[in-house]
Amino acid sequence: MSHPSTPTSTPAASRRPVVAIAGLGIESSTFSPARTQAPAFHPSRGQEVLDRYPFLAVGEELREAADWHGALVGKSLPGGTVTAAAWEELTGELLTRLAALPPLDGLWFDIHGAMTVEGVDDAEALLLERVRSVVGDDVTVSTSMDLHGNVSRALVHRSDLITCYRMAPHEDHMETKERAVRNLLAHLASGAPRPLKAWVPVPVLLAGEQTSTRIEPAKSVYGAVPEVEARQGVIDAAIWVGYAWADEPRNRAAVVVTGHDEQAVSEGAEKLARGFWEARHDFDFVAPTGTFDDILDEALAGERRPYYVSDTGDNPTAGGAGDVTWGLARLLDRPEFQKQKEDGPTVLYASVPGPEAVRHAAAAG
Ligand SMILES: [Zn+2]
């Protein structure tokens, strides 16, 4: 049971549950020398945390259904490994804020799941362990993630409910967060025992651009999720693609199904995991691929404009740190781009972050 004892004069059914929101999110590439500092997470605190979610606006059903407490939620654009100092600063404040809250019934753990921290393996599972050490093991935790996050056994074990996006590109990101909250509140209201969870790691690791759910095979693999979720005794079903740009033991695809019927939960998870595994050789990039030189030859030889080239391992919209200058250096080596010609090609290069570089560019006009 996840309910602590309720105030004497109030019937249990009418007392609003006390629920906190906390979490950190980033995709951090370990193949980049970049390091992510604490301000990159733009942390929200207290009321600011609630303001992040339209479904928790004043007057909304979910807002009124619980006594909400924002602890700290920080989300960064993709980048490099998070520094140990940033991790200690952010988690320290998050835990201090949680410790100052009244006793909780539930906690929504709003994370991404692909955070790498200097000296830490499985950062999100460690964060949740520390959160539990503050709020207690009886608090029901609902975790929501990006499908490009990594789901270790420890993270699943420490969560009571866990889910992720079902679409890539992530058109359902807010819907997923809302589902995590609805599942949490429904569970608290039910008084049911902790849900059962089936976790099936799938030993496949794919880049984001290989797994758009708009095309096959991901379309069908993910298409099976609602059917499993609809089964009697199942609360939620989720498939994670995982995150390719970090060299960590936990990185792989995974399936988790939660619910109260052991057979429905385990069979549902096995079905989704088998669907992913059987399709593993069919995943392909959403666009033609090649070496950088070959692609530039093709771009310069053709008439089609604009011609878009993506460095897949360093593309921030696909989890890269976005600060590797290898592509820029190769581009500048090409004679076509070495000096301004009236009729020559124009290239826009996006993006290499760096305040110093921005100052130089601004000064140069
Ligand atoms: Zn993603």
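In this predicted model, Asp261, Glu262, Glu267 and Glu270 form a negative surface patch (residues with over 30% relative accessible area and no salt bridge, like charges being joined within 9 Å; Asp and Glu count as negative). Glu270 belongs to helix α9, which covers residues 262-278 (helices are DSSP runs of H or I with at least four residues). With a relative accessible area of 41%, Glu270 is partly exposed (buried is under 20%, exposed over 50% and partly exposed in between, with a 1.4 Å probe and protein chains only).

Residues are numbered from 1 along each chain as its sequence is written. Local features need pLDDT of at least 70 and side-chain atom pairs pLDDT 80 or more, whereas totals for chains, interfaces and linings use all residues, and side-chain values use heavy atoms, without hydrogens and water.

Aromatic pairs (rings of Phe, Tyr and Trp, the last by its six-membered ring, with centres within 6.5 Å; planes under 30 degrees apart are stacked, over 60 edge-to-face and the rest tilted) number 5. The pair of Tyr53 and Trp108 is tilted, because the ring centres lie 4.5 Å apart and the planes stand at 55°. This pair links distant parts of the chain, 55 residues apart: Tyr53 is in the loop between α1 (47-51) and α2 (61-64), and Trp108 is in strand β7 (residues 106-110). Tyr53 is buried at 2% relative accessibility, and Trp108 is buried at 0%. A tilted pair is also formed by Phe276 and Phe283, at 5.3 Å centre to centre and 35° between the planes. Phe276 is buried with a relative accessible area of 1%, and Phe283 is buried with 8%. Tyr53, Phe55 and Trp108 are linked into a cluster by ring pairs.

Notes
Patches are made of residues with over 30% relative accessible area and no salt bridge: like charges are joined within 9 Å, nonpolar side chains (Val, Leu, Ile, Met, Phe, Trp, Tyr) within 5 Å. Accessible areas come from the Shrake-Rupley method with a 1.4 Å probe; for residues, only the protein chains shown count as cover. A salt bridge is a side-chain nitrogen of Lys or Arg within 4 Å of a carboxyl oxygen of Asp or Glu. The place of a charge is taken as NZ of Lys, CZ of Arg, CG of Asp or CD of Glu. Helices (H or I, at least four residues) and strands (E, at least two) are DSSP runs, numbered from the N terminus.
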